[in-house]
Amino acid sequence: MEENVKKEELMQDHNPKKPFWEAVKDFFKKDLVQYIVKRVLMFIPTLFLISILVFFVIQLPPGDYVSAHIAALATEGEYVDADYAAELRAEYGLDQPVVTQYIKWIKDIIWTPTDSQFYRLYGSHHNWKYSFAYGKNVWDVVEERLGLTIAVTAIIMIFQYAVSLPIAIYSSTHQYSVGDYAASVIGFLGTAIPNFILAIVLMFLAYKWTGNANVGLFTQEMMQNGIHLYNFGDFMKRMIIPIIVIGTSGTCGIIRSVRAQMLDEIGQQYTLTARAKGVSEGKIIMKYCFRAAINPTVSGLGGILSSLFSGSTVTAMVLNMQIQGPVLFKALQSQDMYLAGAIVMVQAVLVVIGILFSDIVLAFLDPRIRYSGGGR
């Protein structure tokens with residue numbers, strides 16, 4: 001009985017005659033605004049705890065950047081004495097206790113005084129420290145690829161949802177049909193085949209068919225002059241393989257989740273009641289069943305964003321993609337703790353924002369959700 005009451009709320013929540021933008025405006029006047037303010041205030045302690053975890057986890061492997069640098073020199077036949085190594089550690093501040101290093105790191109990120117040498121050099125009050133591996137300011141290294149990484153992540157996410165949601169709807173409304181089985185097979189293949197192997201196969205096929213493997217996101221000319229409208233098409237052509245390789249790895253999970261939820265919703269009593277009242281099948285599927293079935297997928301938006309942002313490192317290295325994944329890998333490999341910490345912190349901020357966005361979308365899709373305990 002309670003389930004049927006909730007479903008009736010879902011069916012009766014929005015007046016279909018009300019304009020969409022008026023519904024959105026009315027939606028944001030309610031308790032959701034208070035919820036957003038509370039969540040934004042919670043960002044500070046959340047990111048603070050993440051920063052502690054990140055910094056100390058990065059410090060767990062034995063040694064430090066100087067040890068890794070000395071080992072790399074030793075493989076090339078160059079040997080560094082203990083005194084010089086101690087001087088390097090003192091210069092980089094690695095001779096201090098880990099807690100002291102963290103306090104100085106986080107304090108300088110929050111605010112660097114105007115009379116400091118860093119502010120005089122860079123004109124910024126937020127000092128993310130020095131990248132040992134790249135030999136320059138950490139934020140300069142992050143900023144070089146941050147915009148492109150976000151753009152690539154957004155394009156791949158759009159591809160995932162644009163492909164997986166229609167397939168999931170079709171599979172749920174044509175259960176056990178040939179199309180349902182075909183979609184399942186394709187989805188499982190995308191998950192089962194390792195991304196880097198699929199990338200190599202697609203590069204080989206592209207080279208055989210077009211004479212160009214389309215490695216990297218930019219041509220040499222684009223790297224020198226930047227992306228403009230006249231070569232944006234070339235950039236998108238080079239994005240085809242990354243979109244297919246990285247995008248298909250996540251479509252299977254979305255398809256299976258939405259399909260299972262849709263089948264459950266289609267079998268509920270409220271859909272039978274709607275059909276008995278003469279509601280069209282398309283309206284039942286899209287307005288009621290799909291809105292309820294999409295909830296688990298929307299709630300996992302933050303996790304998908306995180307996996308796309310940093311989970312495609314090996315694929316990015318194979319495809320020579322100029323995004324953050326390979327930079328993070330190099331930073332961890334060389335124990336460049338400040339650069340690795342900055343990249344992970346930026347990723348954490350994006351994930352927290354993604355989770356907030358998913359909560360807002362959930363509240364808009366499902367009128368049963370209440371954030372302040374009262375009716376909206």
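**Labels and their cut-offs**

Q: Why is Phe 56 called partly exposed?
A: The relative accessible area of Phe 56 is 29%. Buried means under 20%, exposed over 50%, and partly exposed in between, with a 1.4 Å probe and protein chains only, so Phe 56 counts as partly exposed. This is a predicted model: local features need pLDDT of at least 70, side-chain atom pairs count only at pLDDT 80 or more, and totals for chains, interfaces and linings use all residues. Residues are numbered from 1 along each chain as its sequence is written, and side-chain values use heavy atoms, without hydrogens and water.

Q: What makes Tyr 102 buried or exposed?
A: Tyr 102 has a relative accessible area of 6%, and therefore it is buried.

Q: Why is the pair of Phe 56 and Tyr 102 called tilted?
A: Rings of Phe, Tyr and Trp (its six-membered ring) pair if their centres lie within 6.5 Å; planes under 30 degrees apart are stacked, over 60 edge-to-face, and the rest tilted. Here the centres are 5.9 Å apart and the planes stand at 40°, so the pair is tilted. Phe 56 is in helix α3 (residues 32–58) and Tyr 102 in helix α6 (residues 98–110), 46 residues apart, and the pair links distant parts of the chain. Helices are DSSP runs of H or I with at least four residues, numbered from the N terminus. Phe 55, Phe 56, Tyr 102 and Trp 105 form one aromatic cluster.

Q: What describes the aromatic pair of Phe 118 and Tyr 122?
A: The centres are 4.8 Å apart with 35° between the planes, and the pair is tilted. Both residues lie in helix α7 (residues 117–122), four residues apart, about one turn of the helix. Phe 118, at 12% relative accessible area, is buried, whereas Tyr 122, at 41%, is partly exposed.

Q: How do you know that Lys 330 lies over the face of Tyr 134?
A: A charge sits over a ring if NZ of Lys or CZ of Arg is within 6 Å of the ring centre and within 35 degrees of the ring normal. Lys 330 is at 4.4 Å from the ring centre of Tyr 134 and lies over its face.

Q: Why is Ile 200 called partly exposed?
A: Ile 200 has 45% relative accessibility, so it counts as partly exposed. Its place is in helix α10.

Methods: Helix = DSSP H or I, 4+ residues; strand = E, 2+ residues; numbered from the N terminus.
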